[in-house]
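Here is a short briefing on a sheet and a cavity. Look over the sequence and the model before reading on.

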Amino acid sequence: MSTQTQQASIPKEEPDDEPDDVLFNTIYGVRTIELNRPKKLNSLNGSMARKIIPRLKEWEKSQLASVIIIAGAGEKAFCAGGDVAALAQYNQQGTFGIERSKAYFGLEYQLDHLIATYPKPYIAYMDGITMGGGVGLSVHAPIRIATERTLFAMPETTIGFFPDVGGSFFLPRLDGHIGAYLALTSERLKGVNAYYAGIATHYIDSSSLGNLTARLSELVFKDYADMAERLAIIDTTIEEFGTGLPYDEPMLLAGDLRSAIDRCFCYNSVEQIIQALQQESGQTASWAQKTLKTLSERSPTSMKVALRQMELGRTWDISDTFRRENHIAGKFMEHPDFVSGVSAKLINKPPTTPKWEPPSLEEVSREDVDAFFNVEGTTPLPLHGVAPAWRKYPFGYLGLPREEEIKRVVMEGGKSAEGVVATFLTMKDGKPGVREKVEEVLGRKCMAGAGNEVVWVQDEKR
């Protein structure tokens, strides 16, 4: 794949595009994008992407547009994913249909990359179902708001695909081996757990979103204020609408379960992960058995590709991520598992069991997996604007503290557990969930040393 940056052209609407599948509005300095297909759970299609990209480019140049907010119509979903049922039907039409599906993914990834690198504050209301393509529209934003209705998942291995839309970037950068676990199992995170896991940067009640939008529209930034300053003001404004975290939703990926996830999903082969799960005992044995059953139902090709993706993606920059995922998606459009999985799970009524090809992990060779990642001689996906080479989110500090940050403070020495908590409460201005997150990490990774000093226990080795 060539490293030269090619500029993407601004897409134009096509004659058969739906007229009102995306609604745009102006409220003083705020520009809103509303995904408007509530009967389809606001699933993303080419028609919507062809509307959103030109607006974002227009607002990028406008001095009047200060903040972008994206949300979904209705109470059920932000965006339940890409319209993969339509793509599976295209693929059954032969070469022309497959090329049409490939073109859709290229357009989607150009939009996701534009969001990830957007030069103005972009806020995603992850209110309701946020899966697949909906994750691409939200998870790369500097500010991502979860509510009690949020339902996050990357369900691609269920349908013979791979966790795309930048999953190669954001999943390996989650704490520990949570990313590999979510990628292979399609585990769902509800409500505040999307916030605890680092998927969202903020948590407020859905009933406050309307008032928050109105309040954000009143913000006035100094002309010389940079992105960090503007985001800091928005961050403080969002916290005004916080009412605390729900007491009836404990942290899911915590304690013994979280330790088991890191213990089992730290390997670079699916077979080793399965062996590790088979060896689990005690309190996590039932979880391991359930997870083994889940993995047995997933596409063997999808799982092996997804795990390789987690291994390689942690080294890719944000622009290379979408170029490489475009190649992987194209390979899956030529693979029988995608049509089989989508047809069985989403088209057939009632749903049926997919017939994977090949049907077992043993029959998916290393060469088969290599083909999804071999970009030699291919033309890279053109991207909009500058293609930055950053390898971590520039504004990742807006969410809860990451485990590596907590480890760094502990390793500096001289602090009790409460001292570490106090450090992060001060650093994060008392942000809701900081205490819970830090105490969970300390309880799982540390022990008390001399003089009540907290000591980091050496990380488990493979």
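Which helix supplies the largest share of the lining of the largest cavity? That share, four residues, comes from α19. The model is predicted: local features need pLDDT of at least 70, side-chain atom pairs count only at pLDDT 80 or more, and totals for chains, interfaces and linings use all residues. Residues are numbered from 1 along each chain as its sequence is written, and side-chain values use heavy atoms, leaving out hydrogens and water.

**The cavity**
- One cavity of 30 Å³ or more turns up in a search of the whole structure.
- A cavity is a set of points on a 1 Å grid over the protein atoms alone where a 1.4 Å probe fits but cannot get out; lining residues have an atom within 4 Å of a point.
- The largest cavity holds about 100 Å³ of space, a volume being the space filled by probe spheres set on the grid points, which are joined across faces, edges and corners.
- Its lining has 14 residues, and the closest to the centre are I178, Y196, A197, M251 and L253.
- Both α7 (192-196) and α19 (434-445) supply at least two lining residues each.
- Helices (H or I, at least four residues) and strands (E, at least two) are DSSP runs, numbered from the N terminus.

**The sheet**
- Four strands make an open sheet with mixed pairing, in the order β4-β6-β8-β9.
- Two strands pair if DSSP finds at least two bridges between them.
- β4 (77-79) and β9 (189-190) are the edge strands, each pairing on one side only.
- β8 (residues 151-153) pairs with β9 in the antiparallel sense over two bridges.
- In β9, K190 stands opposite L151.

Technical notes: On a 1 Å grid over the protein atoms alone, a cavity is a set of points where a 1.4 Å probe fits but cannot get out, and a pocket is an open set with protein on both sides within 12 Å along at least five of seven lines; lining residues have an atom within 4 Å of a point.
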